[in-house]
Amino acid sequence: MEHIRMTPLIVDLDHTLINTDLLYESSMVVLKKSPWLILLYPFWFFIGKGYLKEQLVKRCEIDISKLPYNTTTIAYIKKRKKQGDIIILATASHKVYALSVAKHLKLFNDVMASNKDFNLSSHNKAKKLIERFGAQKFDYIGDHMRDLPVWEASNLAILINVSDKVIKKTQHLNTLIL
């Protein structure tokens, strides 16, 4: 019997699993309701991006079922899940939204996300994933230059919805373009 090597698949949320950005979406809802809150954004942001996201979550409920899900990403997740891989949603979006998405899709074994004190993005995300799985011990699917530190720490850099600039910057890595 051959041994199947299972590598966790780490999935980004904004512009990877969904074809939008939840910080943008929640900002639009909040500012439509209370435009004057734009005056507080610099203060919230100064405290930290995680704090800004926390303030938006408190003021905006997003209908997770209506998000524009990326069918290519979902098909790839299902394929990997069928192979027995652990699937983890790891996002800079707020944990409230991330947990709702995970509950809605029923595809994830775990969720890693931002909270008011910590923004799980770029180098922060790479560091947390290395702490949890080890360097080159996970595959990561993302979409943006800010994912470069995560791709560099991953076994397989899976690119979706990426620009030519991102493709060029990841040429030195083991990549799969969806």
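Begin the tour at the largest pocket, which has a volume of about 200 Å³, a volume being the space filled by probe spheres set on grid points that are joined across faces, edges and corners. The model you are viewing is predicted, so that local features need pLDDT of at least 70 and side-chain atom pairs count only at pLDDT 80 or more, while totals for chains, interfaces and linings use all residues. Residues are numbered from 1 along each chain as its sequence is written, and side-chain values use heavy atoms, with hydrogens and water left out.

**Stop 1: the pocket**

Select Asp14, Asp21, Ala92, Ser121 and Arg146, which lie nearest the centre of the largest pocket among the 16 residues that line it. A pocket is found on a 1 Å grid over the protein atoms alone, as an open set of points where a 1.4 Å probe fits, with protein on both sides within 12 Å along at least five of seven lines, and a lining residue has an atom within 4 Å of a point.

Next, colour helix 3 (49-59), strand 2 (87-94) and helix 6 (122-133), the elements that give two or more residues to this lining; helices (H or I, at least four residues) and strands (E, at least two) are DSSP runs, numbered from the N terminus. By residue type, the lining divides into three nonpolar, four polar and nine charged residues, where Ala, Val, Leu, Ile, Met, Phe, Trp, Tyr, Cys and Pro count as nonpolar, Asp, Glu, Lys and Arg as charged, and the others, Gly among them, as polar.

Now colour domain 1 (9-19 + 66-177) and domain 2 (22-64): because both give residues to the lining, the largest pocket lies between them. The domain bounds come from an automatic or database domain assignment.

**Stop 2: the salt bridges**

Side chains of opposite charge can pair when their charged atoms come close. The structure holds eight salt bridges, each being a side-chain nitrogen of Lys or Arg within 4 Å of a carboxyl oxygen of Asp or Glu.

Select Arg80 and Asp85, whose side chains meet in a salt bridge at 2.5 Å, N to O. Arg80 is buried at 6% relative accessibility, and Asp85 is buried at 7%, where buried means under 20% relative accessible area, exposed over 50% and partly exposed in between, with a 1.4 Å probe and protein chains only.

Then move to Lys66 and Asp63, which form a salt bridge with their closest N and O atoms 3.2 Å apart. Here Lys66 is exposed, with a relative accessible area of 66%, whereas Asp63 is partly exposed at 41%.

**Stop 3: the aromatic pairs**

A pair of aromatic rings is described by the distance of the centres and the angle of the planes. The structure holds three aromatic pairs. Select Tyr41 and Trp44, whose ring centres are 5.6 Å apart and whose planes lie at 40°, so the pair is tilted. Rings of Phe, Tyr and Trp (its six-membered ring) pair if their centres lie within 6.5 Å, and planes under 30 degrees apart count as stacked, over 60 as edge-to-face and the rest as tilted. Tyr41 and Trp44 are three residues apart in helix 2 (residues 41-47), and therefore separated by about one helical turn. Tyr41 is buried with a relative accessible area of 14%, and Trp44 is buried at 6%.

Finally, select Tyr140 and Trp151, an edge-to-face pair with 6.4 Å from centre to centre and 65° between the planes. This pair links distant parts of the chain, with Tyr140 in strand 4 (residues 139-142) and Trp151 in helix 7 (residues 148-153), 11 residues apart.
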